[in-house]
Amino acid sequence: MLKKIDRIRLELANEVLNSSASREDYRVRYLGSKGLLKELYQEFKSVASEEKREIGLALNQLKQAIEERLETAGTNDEAPKQQKEINDVTRPASTETVGTLHPLHLITQEIISIFERIGFTQSEGPEIEDDWHNFSALNFPADHPARDMQDTFFLDTPFNQFSLRTHTSSVQVRVMESSTMPVRTISAGRVYRNEAISARAHCFFHQIEGLYIDEEVTMADLKQTLDYFAKALFGPEVHIRLRPSYFPFTEPSAEVDVSCSLCQGSGCNVCKYTGWLEILGCGMVDPNVLSSCGIDAKKYTGFAFGMGVERIAQLKYRVNDLRLYSENDLRFLQQFHL
Ligand code: PHE
């Protein structure tokens, strides 16, 4: 019987106990009511009394070894270990990281909803544009600097036919060509300029452009629309002023300033002590542009305006480095919530 006990002890080491099923099988075979140990204790009863001491000891040791094998198998393998961790009720709860919307997206949505409230639709156009939509239809003279490689990313195609759009005004052209009058639409999107990247300039940025064409649209309509917009975005206490400017596609043209909402116009370092912050360019659509797009310039007039989304975000969020918007630094992005 001693030999038998020894053999069983040696066999124990070969038992594979890596799942709850194999452990249960082991338990039944060795420790169950019809298991090996039970059988051995049965056999032990008929052992001669002078051998009882020695064999009894070996049998008890075997029992211990069988039980130990089962206990340690549990702690050595993966599944029960995980089980233990999950059951640790004192462990701090794991935190889920919830993403945030990009600040430029938030501002864009806010601006779009302001114009939607007064009946503007949304329109889109391609980022790769042909010369006609980005320049020619918009009255850009042949020698305009924007047509230069220094300022515009041209695609490697014959005659510099295609470029990355330099402004969303190209969408205006597409809308004017394909719509029946009147039109009242805004278009938001990414634009590209061949600039060295710094805190104040980037090779791409975002614009929102507005266009309204109908009979008898005047500069007064433009001014009122922009006044409504500025108050909706920056607060009811701000006002705007228009300064004469020049764009090839509008005549007359103006640049628009909004009174500094930080110092209420009295002068601070954000408005560089002028009391005003420049926010956009605008003007009455040049009759040449209307004609180029197949619109009767004697019957219809219109206004257009365009603004840089980063510029507006800079004023609203006080972000002074343009590069932050495209670096994907979570410490920056997580500061913006709806
Ligand atoms: N497209 C002009 C720009 O990129 C902005 C603008 C749009 C000005 C519409 C006037 C009218 O600077």
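Predicted model: local features only at pLDDT ≥ 70, side-chain atom pairs only at ≥ 80, totals over all residues.

Reader: Which atoms of the ligand are 2.9 Å from an N or O atom in the side chain of Arg193 or of Gln207?

Author: Look for pairs of N or O atoms within 3.5 Å, the cut-off for a polar contact. Here an oxygen atom of the ligand is 2.9 Å from a side-chain N or O atom of Arg193. For Gln207, too, the ligand atom is an oxygen, and the distance to a side-chain N or O atom is 2.9 Å. With His167 the ligand atom is a nitrogen, 3.2 Å from an N or O atom of that side chain.

Reader: How much of the ligand's accessible area does the protein cover?

Author: Take the accessible area of the ligand on its own, which is 330 Å². The protein covers 89% of that.

Reader: Is His133 buried or exposed?

Author: The test is relative accessible area, and under 20% means buried. His133 has 8%, so it counts as buried. This residue is found in helix α7, residues 131-134.

Reader: What does His133 touch, leaving out residues up to four places away in sequence?

Author: It touches Leu138, Ser170, Val173, Arg174 and Glu177. Two of these also make polar contacts with its side chain. The side chain of Glu177 is joined to that of His133 by a polar contact of 2.9 Å. For the side chain of Arg174, the polar contact with His133 is 3.4 Å.

**Backbone angles**

Reader: Why would anyone look at omega and phi?

Author: Pro182 lies in the loop between α8 and β4 (183-192). Another cis bond runs from Glu251 to Pro252, with omega near -5 degrees. Pro252 is found in strand β7, residues 250-259.

Reader: Where are Tyr273 and Arg318, and what is the phi of Tyr273 and of Arg318?

Author: Tyr273 is in the loop between β7 and β8. Its phi is near 60 degrees, a positive value in a residue other than glycine. Arg318 is in the loop between α11 (309-317) and α12 (330-333). Arg318 is not a glycine either, and its phi is positive, about 60 degrees.

Reader: How do I classify Tyr273 and Arg318 by relative accessibility?

Author: Exposed means over 50%, and partly exposed lies between that and the 20% limit for buried. Tyr273 has a relative accessible area of 61%, so it is exposed. Arg318 has 35%, so it counts as partly exposed.

**The whole chain**

Reader: What are the domains of the protein, and how far apart are their C-alpha centres?

Author: Domain 1 covers 2-85 and domain 2 covers 103-333. Their C-alpha centres lie 82 Å apart.

Notes
Residues numbered from 1 in each chain as written. Heavy atoms only, no water. Domains from an automatic or database assignment. Helix = DSSP H or I, 4+ residues; strand = E, 2+ residues; numbered from the N terminus. Buried < 20%, exposed > 50% of the residue type's maximum accessible area, 1.4 Å probe, protein only. Polar contact = N/O pair within 3.5 Å; in protein donor to acceptor, adjacent residues only side chain to side chain. Contact = heavy atoms within 4.5 Å. Areas by Shrake-Rupley, 256 points an atom, 1.4 Å probe, with all protein chains shown as cover.
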